[in-house]
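Biologist: Show me the model, please. Then I will ask what stands behind each label.

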Amino acid sequence: MLLKEASARLTKSELAHLGAGEVGYIRKMKSDEVSRCFPEAPEIDPTLDLWALFAADGTPILLTDNRSSTFFKAAEDDLKTVSLH
C-alpha cells in the first residue's frame with residue numbers, strides 16, 4: 001500500500017530515477033531480446049542462457065552467460081540487487 005501511495009505522489013520521471021546509482025536488477029534474457037537492450041551485441045547462439053544487469057531506470061549495464069558475473073558487477077558498482085518476477 002505504501003508503494004501505491006508513493007507512486008501516486010511521484011512524477012513518472014521521479015519514479016524512473018528512484019534507486020538510481022543504488023539499485024540494480026538482474027534478469028534472464030533470451031537471445032532474441034538482446035538486440036533491443038544491447039544493440040551493439042553480436043548475434044548470439046539462441047541456446048545460450050543469458051543474464052543481464054540493469055540500472056534501476058532500465059539502463060543496460062552488463063550482458064553475460066554467467067549469472068554470477070552479474071552479481072560481481074553489481075557489487076563492483078555498489079548496486080544493491082533486487083529480484084523481479
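**Labels and cut-offs**

Biologist: Why is Ser68 called partly exposed?

Modeller: Ser68 has a relative accessible area of 41%. Buried means under 20%, exposed means over 50%, and partly exposed is what lies in between, with a 1.4 Å probe and protein chains only. So Ser68 counts as partly exposed.

Biologist: What should I know about the model itself?

Modeller: This is a predicted model, where local features need pLDDT of at least 70, side-chain atom pairs count only at pLDDT 80 or more, and totals for chains, interfaces and linings use all residues. Residues are numbered from 1 along each chain as its sequence is written, and side-chain values use heavy atoms, leaving out hydrogens and water.

Biologist: Which elements does the protein chain have, and in what order?

Modeller: The chain has four helices and four strands. From the N terminus the order is α-α-β-α-β-β-α-β. Helices (H or I, at least four residues) and strands (E, at least two) are DSSP runs, numbered from the N terminus. Ser68 is found in helix H4.

Biologist: What is found at the start of helix H4?

Modeller: A side-chain oxygen of Asn66 comes to within 2.9 Å of the backbone nitrogen of Ser68. Helix H4 covers residues 67-76. Just after H4, Asp78 has a positive phi of about 55°.

Biologist: How many aromatic pairs does the whole structure hold?

Modeller: The search finds two. Rings of Phe, Tyr and Trp (its six-membered ring) pair if their centres lie within 6.5 Å; planes under 30 degrees apart are stacked, over 60 edge-to-face, and the rest tilted.

Biologist: Why is the pair of Tyr25 and Phe54 called stacked?

Modeller: The ring centres are 5.2 Å apart and the planes are at 15°, so the pair is stacked. Tyr25 is in strand E1 (residues 23-29) and Phe54 in strand E2 (residues 50-55), 29 residues apart. Both Tyr25 and Phe54 are buried.

Biologist: What makes the pair of Phe38 and Phe54 tilted?

Modeller: The planes of Phe38 and Phe54 are 50° apart, with 6.0 Å centre to centre. Phe38 lies in the loop between helix H3 (31-37) and E2, so the pair ties together parts 16 residues apart in sequence. Phe38 is buried. Tyr25, Phe38 and Phe54 form one aromatic cluster.

Biologist: How do you know that the charged end of Arg67 sits over the ring of Trp51?

Modeller: The charged end is 5.1 Å from the ring centre. The rule asks for NZ of Lys or CZ of Arg within 6 Å of the centre and within 35 degrees of the ring normal.

Methods
Polar contact = N/O pair within 3.5 Å; in protein donor to acceptor, adjacent residues only side chain to side chain.
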